[in-house]
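Subject: Structure handover

Dear colleague,

Here is the structure I am passing on to you. Please look it over first; my notes are below it.

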Amino acid sequence: MKKIRTYFDVSETSASDIEGQLDVRRQRVERRLADVRHSLAVMSGKGGVGKSVITANLAAALAADGCAVGVLDADLNGPSMARLLGVRRAPLRVTAEAVEPASGAAGVRVMSMDLLLASEESPVDWTGPKQGSFLWRGTLEANTLGEFLGDTEWGQLDYLILDLAPGTDRIVPLSEIVPSLGGLVMVSLPSQLARFIVGKSLTMARKLDIPIIGYVENMTGYLCPHCEQVGDLFEGAGRGFEGIERLASLPFDPRFGAATDAGRPDVLQRPESPVGRGIRQVASAVRTFFEGRAT
């Protein structure tokens with residue numbers, strides 16, 4: 001990929017200069033996304049809830065319905081979209097103007113930090129000044145997301161889906177880079193701890209005036225692959241979040257995770273399974289949401 005540029009040095013640049021450079025970055029991203037009809041983020045705030053697997057299957061379900069779909073893996077330090085959509089070792093074609101994304105399952109266009117790493121074991125190694133390193137790193141991560149969006153030739157898309165990293169604040173820099181973000185899908189578990197953290201993410205999204213499409217309740221029970229019966233995993237399934245629509249309740253199915261982990265989104269293989277039907281229900285809700293806003 002093109003060399004990552006540093007847009008500003010937070011230690012030596014005034015606030016007005018930073019804002020001016022942010023405006024330049026926003027304009028470049030807006031030009032690149034001019035042919036993207038709708039953009040949405042998938043977020044949880046908490047790790048381990050199955051968000052990325054749901055993102056990959058949602059993208060595949062929309063693509064299977066005839067939509068042109070792209071996915072930006074916004075989890076820079078724990079990227080997974082390349083693996084989940086079957087393009088882990090795909091080369092990226094770099095032109096003078098942009099980088100062409102990899103083409104994954106069902107033709108989903110994928111850009112991920114994972115496509116730039118030397119091997120599966122390679123971590124993302126952020127290097128820089130020790131003094132003020134936390135602020136410096138956050139700035140560089142935001143810059144990198146801006147480059148992934150602004151330097152990738154997404155082409156004409158119906159949906160660009162951004163898979164966010166864990167953390168209740170991860171939506172903040174993204175909202176500055178993509179001020180036209182059209183909606184947010186939240187992923188939660190029925191556990192009390194997950195609902196507590198996801199609730200903070202919902203509060204943050206409301207503060208930023210980002211439309212909340214709804215939430216997906218994942219792992220509501222264990223689906224036995226032999227008898228197809230569902231047993232309880234957590235107490236409190238179905239409690240929900242006040243004023244937020246539940247788009248689907250998905251049982252834990254080992255086959256769903258295993259297929260997607262191998263780069264074959266399970267919704268494409270088993271669309272009529274309980275989880276497959278739930279994912280397609282989410283895809284239908286996303287399409288209905290954006291079609292309603294367009295009228």
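The notes below go from the whole chain to single residues.

This is a predicted model, in which local features need pLDDT of at least 70 and side-chain atom pairs count only at pLDDT 80 or more, while totals for chains, interfaces and linings use all residues. Residues are numbered from 1 along each chain as its sequence is written, and side-chain values use heavy atoms, with hydrogens and water left out.

Overall

The chain has nine helices and 11 strands; these are DSSP runs numbered from the N terminus, with H or I over at least four residues for helices and E over at least two for strands. The chain has 295 residues, and 52% of them count as buried. Buried means under 20% relative accessible area, exposed means over 50%, and partly exposed is in between, with a 1.4 Å probe and protein chains only. About 13600 Å² of the chain is accessible surface, and carbon and sulfur atoms hold 49% of that. Areas come from the Shrake-Rupley method with a 1.4 Å probe, and for residues only the protein chains shown count as cover. Taking contacts (heavy atoms within 4.5 Å) between residues at least 6 apart in sequence, 77% join residues at least 24 apart.

Core

The largest nonpolar core has 81 residues, and Leu-149, Ile-161, Ile-171 and Leu-174 touch the most other members. Such a core is a set of buried Ala, Val, Leu, Ile, Met, Phe, Trp, Tyr and Cys residues joined through side-chain atoms within 4.5 Å. Helix α2 gives the most to this core, with eight residues. Not counting residues up to four places away in sequence, Ile-161 touches residues including Leu-40, Leu-58 and Val-71.

Salt bridges

There are 11 salt bridges in the structure, each a side-chain nitrogen of Lys or Arg within 4 Å of a carboxyl oxygen of Asp or Glu. One of them joins the side chains of Arg-287 and Asp-65, at 3.9 Å from N to O. Arg-287 lies in helix α9 (residues 274-294) and Asp-65 in the loop between α2 (51-64) and β2 (69-73), so the pair ties together parts 222 residues apart in sequence. Arg-287 is partly exposed at 25% relative accessibility, and Asp-65 is partly exposed at 46%.

Asp-253, Arg-255, Asp-266 and Arg-270 are linked in a network of salt bridges. Within it, the closest N and O atoms of Asp-253 and Arg-270 are 2.9 Å apart. Asp-253 sits in the loop between β11 (246-252) and α7 (254-261), and Arg-270 in the loop between α8 (266-269) and α9, 17 residues apart. Arg-270 also bridges to Asp-266, at 2.8 Å between the closest N and O atoms. Asp-253 is buried, with a relative accessible area of 3%, and Asp-266 is buried with 3%, whereas Arg-270 is partly exposed at 22%.

Surface patch

Tyr-222, Leu-233 and Phe-252 form a nonpolar surface patch with about 250 Å² of accessible area together. Patches are made of residues with over 30% relative accessible area and no salt bridge; nonpolar side chains (Val, Leu, Ile, Met, Phe, Trp, Tyr) are joined within 5 Å, like charges within 9 Å. Tyr-222 belongs to strand β9 (residues 212-223) and is partly exposed at 34% relative accessibility.

Ser-175

Ser-175 lies in helix α5 (residues 171-177) and counts as buried at 17% relative accessibility. The side chain of Ser-175 reaches the backbone oxygen of Val-172 at 2.6 Å. Leaving aside neighbours within four places in sequence, Ser-175 is in contact with Leu-208 and Ile-210.

Regards

How values were computed. A polar contact is a pair of N or O atoms within 3.5 Å; within protein, one must be able to donate a hydrogen and the other to accept it, and residues adjacent in sequence count only if both atoms are side-chain atoms.
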